[in-house]
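I opened the notebook to go through one model and write down what I looked up, entry by entry.

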Amino acid sequence: MAVYKVVEIGDPVLKEIAKPIKEITPNIIKLLENMADTMYAYNGVGLAAPQIGVSKRAIVVDVGEGLIELINPEIIEVFGEEKDIEGCLSIPGVQGEVVRAQKVTVKGLNRYGEEIVIPAEGLLARAFQHEIDHLNGILFVEKAENIVRKGR
Ligand SMILES: [Zn+2]
């Protein structure tokens with residue numbers, strides 16, 4: 001259990017394609033726990049492993065409905081389109097409007113190595129898309145319109 005400093009834009013780890021996790025070792029469990037601790041400490045709704053400097057395909061999300069941990073997450077279905085405001089713990093003080101799918105179905109592994117499939121819409125769907133983008137080296141500001149900078 002540990003809170004990490006979130007890596008900020010400009011760090012090359014955020015532009016890497018994160019590597020698939022082949023085996024769920026105790027270190028991967030620890031990674032998931034550190035990611036959740038860090039997300040909650042920063043009051044975020046999601047965090048991807050590269051944001052604590054680890055280029056592996058793992059995300060955590062909690063939009064107020066409980067913690068979801070996903071290893072090697074993939075979007076397997078998308079539906080509709082919705083524009084809404086986003087921010088990112090790695091880009092403090094910046095917000096912008098991003099068009100995302102309104103609904104997605106996400107597939108991945110839980111910490112026990114079991115495959116889980118999660119249908120999501122609204123904020124949860126947006127959080128999944130944002131975090132999975134991180135695993136592909138994509139930051140929301142590359143997709144955003146009407147970017148606003150606030151004081152940090
Ligand atoms: Zn982000």
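**Entry 1: terms and model.** I count a residue as buried when its relative accessible area is under 20%, as exposed when it is over 50%, and as partly exposed in between. I note at the outset that this is a predicted model. With that cut-off I checked two residues, and both Cys88 and His130 are buried.

**Entry 2: zinc site.** Which atoms coordinate the zinc ion? I found the SG of Cys88 together with the NE2 atoms of His130 and His134, at 2.0 to 2.2 Å. Along the chain, the donors follow the spacing C-x41-H-x3-H.

**Entry 3: helix α2.** I counted 14 residues in α2 and a reach of 21 Å from the first C-alpha to the last. That is close to the 20 Å expected at 1.5 Å a residue. How many residues of α2 are buried? I get 12 of 14, and I describe the helix as mostly covered. The buried set includes the zinc donors His130 and His134. Charged side chains are also on the list of buried residues, among them Arg126, Glu131 and Asp133. Just after α2, Gly137 takes a positive phi of about 75°.

**Entry 4: largest pocket.** I looked up the largest pocket next and noted a volume of about 270 Å³. Its lining is made of 16 residues. Which of them lie nearest the centre? I wrote down Val45, Gly46, Gly87, His130 and Glu131. The elements that give two or more residues to this lining are β4 and α2. The largest share comes from α2, with 6 residues. By class I have 6 nonpolar, 7 polar and 3 charged residues in the lining.

**Entry 5: β2 and β3.** I turned to the strands. Strand β2 (residues 58-61) runs antiparallel to β3, and 4 bridges join them. The bridge partner of Val60 in β3 is Glu69. The hairpin of β2 and β3 has 6 residues between the strands, and there Gly64 takes a positive phi near 100°.

Asp62 lies in the loop between β2 and β3. Is Asp62 buried or exposed? I list Asp62 as buried because its relative accessibility is 13%. I also checked Asp62 against Gly46: the two are 16 residues apart in sequence and 6.1 Å apart in space, C-alpha to C-alpha.

**Entry 6: β3, β6 and β7.** I followed β3 to its pairing with β6, which is antiparallel and has 6 bridges. Ile71 stands opposite Leu109 in β6. Strand β6 (residues 103-109) also pairs with strand β7 (residues 115-121), in the antiparallel sense, over 7 bridges. In that pairing, Val106 stands opposite Ile118 in β7. The hairpin of β6 and β7 has 5 residues between the strands, with Gly113 at a positive phi near 80°.

Lys107 is in strand β6. I list Lys107 as partly exposed because its relative accessibility is 25%. Lys107 and Gly80 are 27 residues apart in sequence and 18 Å apart in space, C-alpha to C-alpha.

Entry 7: Most residues other than glycine have a negative phi. Which residues did I flag here? Asn72 has a phi near 50°, a positive value, and Asn72 is found in strand β3 (residues 68-79). Asn146 has a positive phi of about 50° too, although it is not a glycine. I place Asn146 in strand β8 (residues 145-149). Asn146 counts as exposed because its relative accessibility is 53%.

How values were computed. Residues numbered from 1 in each chain as written. Predicted model: local features only at pLDDT ≥ 70, side-chain atom pairs only at ≥ 80, totals over all residues. Heavy atoms only, no water. Buried < 20%, exposed > 50% of the residue type's maximum accessible area, 1.4 Å probe, protein only. Donors = N, O, S within 2.8 Å, 3.2 Å for Na, K, Ca; no water. 1 Å grid on protein atoms, 1.4 Å probe; cavity = no way out; pocket = protein on both sides within 12 Å on 5 of 7 lines; lining within 4 Å. Points joined across faces, edges and corners; volume = space filled by probe spheres on them. Pairing = 2+ DSSP bridges. Expected span 1.5 Å × (residues − 1).
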